[in-house]
Amino acid sequence: MNSPQTQGTALITGGSSGIGSVYADRLARRGYDLVLAGRDPQRLEALAAKLRAAGRKVSTLAGDLTDRDDVKAIEQRVLTDTSITLFLNNAGQAVLTPLVESDADKLDHMLEVNVMAFTRLAVAAAKAFNQRGRGTLINISSAVALAPDMLNGVYNASKAYELSFTQALQIELAGKGVQIQAVLPGAVATEIWARGGRPVEQLPQEIVMPVESAVDAALAGLDQGEPVTILSLPDIGNWDAFVAARKVLRPNLSRARPAERYSVNTH
Ligand SMILES: NC(=O)c1ccc[n+]([C@@H]2O[C@H](COP(=O)([O-])OP(=O)(O)OC[C@H]3O[C@@H](n4cnc5c(N)ncnc54)[C@H](OP(=O)(O)O)[C@@H]3O)[C@@H](O)[C@H]2O)c1
């Protein structure tokens, strides 16, 4: 690997495996130094050592995103380390069993990571980058944000939350020099499936993307300045039509009177 001039530091949550670890490799090749966050210190250190050997500065930040103090430690790093120019909000969990068969505590933990920690860290990055007038925030959502009929409602809703949150933040920070991207992968061959109770080998292989292809496509979308990158969608016009359909609703989403079809006959 060459060591191009530094692009600053990229902080990656969930940098110990899957999508996050491939981003670590690709961002290092692009000239970023790295801070890798995750729960498993051994895996983080092994990946860090590999990337250091290739010529980049890499540190690790072990912690559990269901633990408020650990989240605050990453938040502080994002807020105060002015070398951080890119924040990859990637850590996530997926409970993939039907809700009526799911363990309620596991659903809670998933929401703590996918929603609570995700939000706190994205807001910290938004504040820091807004203040500096530059920076890149990448939020890893999912294609199921658009498909409530796939997987289960809590995972999908957490990913829909992440998409909606990202779109709102893009509007809030428009023109402030901060690039914000939501990435919506379909199924990607990582450990998340086995961890969630449904090994990826059980899926039809024509819907499963190799993790390297997923990350390279997401970075191509970032380079193209896309606000929302749907990795496997052949025709971006389909997404544009979806956005346009929502805009049609917009002027009538809040009015002083109910729609005619809800008029109550009081006579
Ligand atoms: N794979 C897919 O099909 C797919 C599709 C769409 C979106 N996504 C999204 O992509 C993101 C990355 O997932 P992946 O597929 O790469 O799965 P993965 O290989 O299981 O990686 C998940 C990462 O999140 C970290 N993480 C999980 N719980 C954590 C916690 N409580 N505290 C700290 N770190 C935690 C893990 O760290 P440790 O291992 O150190 O605990 C790991 O590095 C997730 O947000 C996921 O929802 C995945």
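Helices (H or I, at least four residues) and strands (E, at least two) are DSSP runs, numbered from the N terminus. This is a predicted model: local features need pLDDT of at least 70, side-chain atom pairs count only at pLDDT 80 or more, and totals for chains, interfaces and linings use all residues. Residues are numbered from 1 along each chain as its sequence is written, and side-chain values use heavy atoms, with hydrogens and water left out.

**Helix α5**

- α5 has 20 residues and spans 28 Å from its first C-alpha to its last. That is close to the expected 28 Å, where the expected span is 1.5 Å times one less than the number of residues.
- Its buried residues (under 20% relative accessible area; exposed is over 50%, partly exposed in between; 1.4 Å probe, protein chains only) include V154, Y155, N156, E162 and F165.
- At the start of α5, a side-chain oxygen of N152 comes to within 3.1 Å of the backbone nitrogen of V154.

**Aromatic pairs**

- The structure holds 3 aromatic pairs. Rings of Phe, Tyr and Trp (its six-membered ring) pair if their centres lie within 6.5 Å; planes under 30 degrees apart are stacked, over 60 edge-to-face, and the rest tilted.
- Why is the pair of Y161 and F165 stacked? The ring centres of Y161 and F165 are 6.2 Å apart and the planes meet at 25°, so the pair is stacked.
- Both residues lie in α5 (residues 153-172), 4 residues apart, about one turn of the helix. Y161 is partly exposed at 32% relative accessible area, whereas F165 is buried at 15%.
- W239 and F242 are also stacked, because their ring centres are 5.5 Å apart and their planes are at 20°.
- W239 and F242 sit 3 residues apart in α8 (residues 236-249), about one helical turn. W239 is buried at 8%; F242 is partly exposed at 42%.
- F118, Y161 and F165 form one aromatic cluster.

**Nonpolar cores**

- A nonpolar core is a set of buried Ala, Val, Leu, Ile, Met, Phe, Trp, Tyr and Cys residues joined through side-chain atoms within 4.5 Å.
- The largest core has 30 residues. I12, Y23, L27, L34, L36, L51 and I138 touch the most other members.
- Elements giving two or more residues to this core include β1 (9-13), α1 (18-29), β2 (33-38) and α7 (211-223).
- Another core, of 27 residues, lies apart from it; I74, V113, L137 and F165 are among its members.

**Q181 in strand β6**

- Q181 is found in β6 and is buried, with a relative accessible area of 0%.
- The side chain of Q181 makes a polar contact with the side chain of T229 (2.9 Å). A polar contact is a pair of N or O atoms within 3.5 Å; within protein, one must be able to donate a hydrogen and the other to accept it, and residues adjacent in sequence count only if both atoms are side-chain atoms.

**Ligand site**

- How many residues surround the ligand? There are 32, and the closest are I19, R39, Y155, V188 and T190. The cut-off is one heavy atom within 4 Å.
- A polar side-chain atom of Y155 lies 2.7 Å from a ligand oxygen atom.
- For T190, a polar side-chain atom lies 2.5 Å from a ligand oxygen atom.
- A polar backbone atom of I192 is 3.5 Å from an oxygen atom of the ligand.
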